[in-house]
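Q: I would like to learn how to read a protein model one feature at a time. Could we go through this one together?

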Amino acid sequence: MNLKIGIVGLPNVGKSTLFNALTNAGALAANYPFATIEPNVGIVPVPDERLDVLAKMYETEKVVPATVEFVDIAGLVAGASKGEGLGNKFLAHIRECQAICHVVRAFKDDDIVRADNKIEEDIVGQAKDDIDIINLELQLADDETKEKIAAKRKKDPADENIPYLTDKPVIYMFNVDENGLTDENLKSKLKALVSPAQAIFVNAKLEEEMSGMNRAERKEFLESYGVKNDALGELIKAAYETLGLQSFLTAGKKEVRAWTIKQGATAPEAAGTIHTDFERGFIAAQVCKYEDLSNLGGEKAVREAGLMRTEGKTYVMQDGDVVEFKFNV
């Protein structure tokens with residue numbers, strides 16, 4: 001399955017800077033260059049160090065990570081649902097996304113004017129106001145959609161399954177200044193604004209500075225500011241948790257690859273993500289844990305330790321399973 005996240009936010013919150021940082025970060029993955037489909041869409045690989053370990057173990061140069069598609073939803077301002085800014089044209093893009101990343105301004109900067117031209121005073125209070133504006137626009141857009149559907153059903157009673165914007169899970173990305181990254185009091189207050197939704201904290205300027213750095217350089221750079229993960233890592237982790245996703249791995253001489261599935265997926269369902277024939281003709285799955293494979297150094301050692309298993313149709317996949325499917329079609 002392809003993970004698709006729509007990024008929304010008011011003007012001057014750092015949304016475009018973060019979008020560029022997220023998509024540039026993806027260019028660092030070997031053998032999977034960043035691809036741009038259109039100006040506001042970027043597909044990037046999901047960072048996964050397990051793939052590098054397996055590629056070395058199986059002596060393959062072909063590494064295919066799972067991917068995430070980011071859609072930069074421009075034009076959201078107060079009144080967007082009524083056509084203000086770039087209006088409904090961009091609200092439509094969110095309907096195709098599984099989750100929304102709402103970028104919220106949580107910093108003071110006199111050089112970057114707020115969208116409402118207010119003087120920056122109460123970071124938490126103004127963040128709440130900004131969140132309310134976007135949420136209201138999404139709700140108004142849904143109300144308009146419901147009216148259109150009701151009118152259509154008078155002519156055609158056939159039920160339509162419309163993905164309402166307000167039904168989509170939201171991850172809040174607070175763009176804070178450098179001090180805010182480690183200000184636990186501020187972060188606690190901002191988290192409380194959006195609970196139980198996930199909240200992550202990034203600094204758009206630092207993310208921009210990391211463009212072009214390799215993985216080790218990025219890690220060292222962030223640690224100097226007391227931060228463990230970059231925006232891409234934080235957002236993907238939050239998205240997987242919010243949407244109940246996990247990854248399984250396939251490995252061999254031909255390629256090493258990560259696949260995204262729902263938590264609770266069975267072995268045949270996981271096989272179906274590779275090819276529908278694999279699910280239809282599923283016989284069994286040869287499974288081991290990535291940790292066992294990594295610690296013991298290869299399949300032979302895993303077998304000798306009795307840690308390679310053969311699982312049937314009822315097996316529920318676990319994150320990090322390294323799998324070879326047996327099938328007959």
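Q: Is Val 287 buried or exposed?

A: Bear in mind that this is a predicted model. A residue is called buried when its relative accessible area is under 20%, and Val 287, with a relative accessible area of 0%, is therefore buried. Val 287 belongs to strand S11, which covers residues 282-289.

Q: Which residues is Val 287 in contact with, once its neighbours within four places in sequence are left aside?

A: Val 287 is in contact with Leu 307, Met 308, Arg 309, Glu 311, Tyr 315, Asp 321, Val 322 and Val 323. For the chain as a whole, among contacts between residues at least 6 apart in sequence, 68% join residues at least 24 apart.

Q: How many helices and strands are there in the chain, and what percentage of its residues count as buried?

A: The chain has 12 helices and 13 strands, and 48% of its 329 residues count as buried. Its exposed surface comes to about 16700 Å², of which carbon and sulfur atoms supply 49%.

Q: Which residues of helix H2 are buried, and where do they sit around the axis?

A: An α-helix has 3.6 residues a turn, so residues three or four places apart point the same way. In H2, which runs over residues 49-58, the buried residues are Arg 50, Leu 51, Leu 54, Ala 55 and Tyr 58. They cover an arc of only 135 degrees around the axis, which puts them on the same side of H2. The face turned away from that buried side carries the exposed residues Glu 49 and Lys 56. Just after H2, Glu 59 takes a positive phi of about 55 degrees.

Q: What do the buried residues of H2 pack against?

A: Their partners include strands S4 (63-64), S9 (245-251), S10 (256-262) and S13 (321-327), together with helices H11 (290-296) and H12 (299-304).

Q: How many residues of strand S7 are buried, and on which faces?

A: In S7 (residues 170-176), 7 of the 7 residues are buried, so the strand is largely enclosed by the rest of the structure. Val 170, Tyr 172, Phe 174 and Val 176 lie on one side, Ile 171, Met 173 and Asn 175 lie on the other, and both faces are covered. Strand S6 (residues 99-106) is joined to S7 by 7 bridges and runs parallel to it, with His 102 having Tyr 172 as its bridge partner. S7 also pairs in the parallel sense with strand S8 (residues 199-202) over 4 bridges, where Met 173 stands opposite Ile 200.

Q: Do the strands joined to S5 run parallel or antiparallel?

A: Direction has to be read for each pair in turn. Strand S1 (residues 3-8) is joined to S5 by 5 bridges and the two run parallel, with Glu 69 as the bridge partner of Lys 4. Strand S3 (residues 41-45) is also joined to S5 by 5 bridges, but this pair runs antiparallel, and here Val 71 is the bridge partner of Val 41. S5 itself (residues 67-72) is mostly covered, 6 of its 6 residues being buried.

Technical notes: Residues are numbered from 1 along each chain as its sequence is written. This is a predicted model: local features need pLDDT of at least 70, side-chain atom pairs count only at pLDDT 80 or more; totals for chains, interfaces and linings use all residues. Side-chain values use heavy atoms; hydrogens and water are left out. Buried means under 20% relative accessible area, exposed over 50%, partly exposed in between (1.4 Å probe, protein chains only). Contact means heavy atoms within 4.5 Å. Accessible areas come from the Shrake-Rupley method with a 1.4 Å probe; for residues, only the protein chains shown count as cover. Two strands pair if DSSP finds at least two bridges between them. The arc is that of the directions from the helix axis to the C-beta atoms.
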